[in-house]
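Here's a quick briefing to read alongside the model. Have the sequence open too, and we'll go topic by topic.

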Amino acid sequence: MSYFSGKAQFRWGRGGAFMACCVGAGLFAPWVSAQAVPGAPAESTPATAAAEAAPEAAPPVDAAAAAYAMKCMGCHTIGGGVLSGPDLKNAATYPRQTVLDGIKRMEKNVGTISEEDLTMLADFLLAPDAAARIDAHRQQVQMREAASMAPPNAELGRALFTGRTAFANGGAACAACHQAGGRGGNLAVSLEDAFTRLGAQPLQATTEAPGFPVMRAIYTPLPVTKQEAMHVVKYLEEISANPVPKSSFPMHLAGIGGTALVLVLLGKSTAKRVAGTRARMVADACRRSDQGANRRRKN
Ligand code: HEC
Ligand code: HEC
């Protein structure tokens, strides 16, 4: 399986309560993102600019496989099971005319099919290696895509991760929720060792098209581009060689747990002062509300 083709397949052991908590975090994220690196302005040049300058590679194309991939693959597989249309692997065993008739019927789905395309598609479905040709075609497309990209760059990836460089489509910086390279939030799991744990391909897939509700809510309308995801993955690969321990002290300090701990410690030494202050504040508030009530009564 090639680098980009896979879908991330993870199993998540965490409960709904955490998710519910993170939905709140999601609303919060754009703000956090803006704060991710105080004082560092977001660069306006998207990391994808280099990709546009890269030369287009154009190896010969399997025209039939390409046409099938473009017009038919959304509804049919060849040996991969039923989608909204039947699996077409058996079509190779049909009489030619049955296949031609079947494809002709598809004009209601894909518009007019020229005689030339009809012949080409019939030949394709009748060929015993149609499935392999589709795989080869997909791989070729992915390689062409990769060749048109700038090489993954960990520096650019770090800038995108932390928010120093804005994502082209305006999605939140990863560091709003995730830690990597010793900094970032802890609203979600640390990504210090994500490259080692998950591997390049699932990381790429998750970054481009995340499956987690919290991330999907942010990045479906504002997707991270393939090129940007490549940079981020490269960054995560680089830091995975030297991960910062997840239990490091500043991480805890940054967290809610840490905050609570600090409050408890402060509370022990300053309990009296805090209590005194609170008593004063309560008294003030009561006075203000009494005055308000008096005013209202007078009016
Ligand atoms: C919108 C979904 C959709 C698209 C797009 C589509 N098909 Fe179909 N296809 C179907 C469905 C549903 C059937 C089953 C009903 C029928 O045979 O008319 C079918 C049936 C067929 C059959 C007959 C299969 C059999 O076992 O009898 C062939 C052959 C076929 N499609 C080929 C194609 C080709 C080639 C394309 C692309 C040019 C294509 N289809 C595009 C949904 C689709
Ligand atoms: C609003 C918060 C938020 C932002 C922003 C965010 N994520 Fe996530 N991410 C999550 C949550 C929640 C999960 C689910 C896993 C968990 O429980 O922490 C997750 C899971 C992941 C996972 C799988 C984690 C693992 O180790 O199992 C990866 C990889 C990931 N995110 C990468 C990214 C990248 C790359 C970015 C930036 C493009 C990003 N995330 C931005 C909240 C966020």
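Which residues does Thr77 touch, not counting residues up to four places away in sequence? They are Leu83 and Asp87, where touching, or being in contact, takes C-beta atoms, placed from the backbone, within 7 Å.

Bear in mind that this is a predicted model, so local features need pLDDT of at least 70 and side-chain atom pairs count only at pLDDT 80 or more, while totals for chains, interfaces and linings use all residues. Residues are numbered from 1 along each chain as its sequence is written, and chains are lettered from A and ligands numbered from 1 in the order in which they are written.

**The chain overall**

- The protein chain has 14 helices and two strands; these are DSSP runs numbered from the N terminus, helices being H or I with at least four residues and strands E with at least two.
- Of its 299 residues, 26% count as buried, and buried means that 20 or more other C-beta atoms lie within 10 Å of a residue's own, against 12 or fewer for exposed and anything in between for partly exposed, with C-beta atoms placed from the backbone.
- Among contacts with a separation of 6 or more, 72% come from residues 24 or more positions apart.

**The loop between α3 and α4**

- Thr77 sits in the loop between α3 and α4, and it counts as partly exposed because it has 17 C-beta neighbours inside 10 Å.
- Thr77 and Leu88 are 11 residues apart in sequence, with their C-alpha atoms 6.2 Å apart in space.
- Ala91 belongs to the loop between α3 and α4, and it is buried because 20 other C-beta atoms lie within 10 Å.
- Setting aside neighbours within four places in sequence, Ala91 is in contact with Val99 and Leu125.
- Ala91 and Ala122 are 31 residues apart in sequence and 9.0 Å apart in space, C-alpha to C-alpha.

**Around ligand 1**

- There are 19 residues around ligand 1, and Cys72, Cys75, Gly85, Gly102 and Asn109 come nearest; to be near, a residue's C-beta atom, placed from the backbone, has to lie within 6 Å of the molecule.
- The elements giving two or more residues to this shell are α4 (96-105), α5 (107-110) and α6 (115-126).
- α4 gives the most, with four residues.
- By class, the shell has 11 nonpolar, six polar and two charged residues; Ala, Val, Leu, Ile, Met, Phe, Trp, Tyr, Cys and Pro count as nonpolar, Asp, Glu, Lys and Arg as charged, and the others, Gly among them, as polar.

**α3 against α7**

- The axes of α3 (residues 63-71) and α7 (residues 130-147) come within 9 Å and cross at roughly 80°; axes are lines fitted to C-alpha atoms, for helices over the stretch in contact, and angles run from 0 to 180 degrees between N-to-C directions.
- That makes α3 roughly perpendicular to α7, a label for angles of 65 to 115 degrees.
- Ala65, Ala66, Tyr68 and Ala69 make the contact from α3, and Arg133, Ile134, His137 and Arg138 from α7.
- This contact has five nonpolar, one polar and two charged residues.

**The nonpolar cores**

- The largest nonpolar core has 30 residues, of which Phe161, Cys174, Val232 and Leu236 touch the most other members; such a core is a set of buried Ala, Val, Leu, Ile, Met, Phe, Trp, Tyr and Cys residues joined through C-beta atoms within 7 Å.
- α8 (154-162), α9 (194-198), α11 (213-219) and α12 (226-240) each supply at least two residues of this core, and the largest share, seven residues, comes from α12.
- Val232 touches Gly157, Leu160, Phe161, Cys174 and Thr207, leaving out residues up to four places away in sequence.
- A second, separate core of 15 residues includes Tyr68, Ile103, Phe124 and Leu125.

**α8 and its cover**

- α8 is mostly covered, with seven of its nine residues buried.
- What covers those buried residues includes β1 (179-180) and α12.
- The axes of α8 and α12 come within 7 Å and cross at roughly 100°, which means α8 is roughly perpendicular to α12.
- By class, the contact of α8 with α12 has six nonpolar, two polar and four charged residues.
- Just after α8, Gly163 takes a positive phi of about 100°.

How values were computed: Two residues are in contact if their C-beta atoms, placed from the backbone, lie within 7 Å. Angles under 35 degrees count as roughly parallel, over 145 as roughly antiparallel, 65 to 115 as roughly perpendicular and the rest as oblique.
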